[in-house]
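Let's take a walk through this fold, one piece at a time. Keep the picture open as you read.

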Amino acid sequence: MARKPKLDTTLAEAVDVARNAIIEIAAETEIGEYLGATPEGERLVTHRFVSQKSGYWGWTWFATLARVPRAKAKDLTVCEAGIVAGDDALLAPAWVPWAERLVKEEIEAAEAEANESKDEPATGGSATENSDAGSNAADTAGYESQENSTEPSDAPEEHEASDETDSTSEQGIKTPARRQVRRRRTAQRTAARRRAAQRNRPRKDS
């Protein structure tokens, strides 16, 4: 059987030291009458005071002091200070898990909502991307068909005017497919200019 620790006289008499330790964490008016000292071990004593803190009825302030062998009252050490609940303390109600706080109707409604969200078809950004891709493909096909139906003219002046109009109307084009079409059209115009220049070049008399 463990021997009960003996109350250290030097520590038991240090009531003011314990009170001053509690004043560092609480107002002096919140500390009530002294309740006594309890030995916690060899040269280790806890002092207790009534709590007068608002909302903490039935609680107790405490301060635990210790000292090394042959140490005097001025060399005491404050190990811990705080407030603990007593047997008649006013406590918060016990925590209840969320699932147990719900009534049966609320649980059924939450499960039904979860099932509905699972049954709904997933809609993401893929449909939008496919729509944009289809639109770009249609624009590309329209440009190509327009190129095939237009014959290059032999007059360099008309090609130059057409270049200015196309460059002005296509300033806002930024998609890769349209840029590719634009490069293809530029190459075709350059080739048409070269053919027109060769036809218009005067032939040397043989």
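## A strand under cover

Let's start with strand β3, residues 59–66, which is mostly covered: eight of its eight residues are buried. Bear in mind that this is a predicted model.

In a regular strand, side chains alternate between the two faces of the sheet. In β3, both of those faces are covered. Trp-59, Trp-61, Ala-63 and Leu-65 are buried on one side, and Thr-60, Phe-62, Thr-64 and Ala-66 are buried on the other.

## The neighbours of β3

What does β3 pair with? One partner is strand β2, residues 44–51, which pairs with β3 in the antiparallel sense over seven bridges. If you'd like a spot to look at, find Thr-46, whose bridge partner in β3 is Thr-64.

Another partner is strand β4, residues 77–85, joined to β3 by eight bridges and also running antiparallel to β3.

## The whole sheet

Zoom out and you get an open sheet of four strands, in the order β1-β2-β3-β4, with antiparallel pairing. The edge strands are β1 and β4, each of which pairs on one side only. From one strand to the next, the twist averages 20 degrees.

The pairing of β1 with β2 is antiparallel too, over seven bridges. Look for Thr-38 here: its bridge partner in β2 is Thr-46, the residue that has Thr-64 as its bridge partner in β3. Helix α2 packs on the sheet, touching β1, β2, β3 and β4. The direction of α2 makes about 120 degrees with that of β3.

## The helix on top of things

Which residues of helix α2 (residues 15–23) are buried? They are Ala-18, Ala-21 and Ile-22. Seen down the axis of α2, these buried residues fall within an arc of 95 degrees, so they line one face of the helix.

And what do they pack against? The buried residues of α2 pack against β1 (31–41), β2, β3 and β4.

## The nonpolar core

The largest nonpolar core has 13 residues. Which of them have the most contacts inside it? That would be Ile-22, Phe-49 and Trp-61. The elements giving two or more residues to this core are α2, β2 and β3.

Two of these names have turned up already: Ile-22 is one of the buried residues of α2, and Trp-61 is among the buried residues of β3.

## Rings that pair up

How many aromatic pairs are there? The count comes to two. In one of them, the rings of Tyr-34 and Phe-49 have their centres 5.1 Å apart and their planes at 55 degrees, so the pair is tilted. This pair links distant parts of the chain, with Tyr-34 in strand β1 and Phe-49 in strand β2, 15 residues apart. Tyr-34 is partly exposed, with a relative accessible area of 30%, whereas Phe-49 is buried, with a relative accessible area of 0%.

Tyr-56 and Trp-59 also pair: their ring centres are 5.0 Å apart and their planes are at 75 degrees, so this pair is edge-to-face. Is Tyr-56 buried or partly exposed? Tyr-56 counts as partly exposed, at 30% relative accessibility. Trp-59 has a relative accessible area of 18%; buried means under 20%, so Trp-59 counts as buried.

Key
Residues are numbered from 1 along each chain as its sequence is written. This is a predicted model: local features need pLDDT of at least 70, side-chain atom pairs count only at pLDDT 80 or more; totals for chains, interfaces and linings use all residues. Side-chain values use heavy atoms; hydrogens and water are left out. Buried means under 20% relative accessible area, exposed over 50%, partly exposed in between (1.4 Å probe, protein chains only). Two strands pair if DSSP finds at least two bridges between them. The arc is that of the directions from the helix axis to the C-beta atoms. Contact means heavy atoms within 4.5 Å. A nonpolar core is a set of buried Ala, Val, Leu, Ile, Met, Phe, Trp, Tyr and Cys residues joined through side-chain atoms within 4.5 Å. Rings of Phe, Tyr and Trp (its six-membered ring) pair if their centres lie within 6.5 Å; planes under 30 degrees apart count as stacked, over 60 as edge-to-face and the rest as tilted. Axes are lines fitted to C-alpha atoms, for helices over the stretch in contact, and angles run from 0 to 180 degrees between N-to-C directions.
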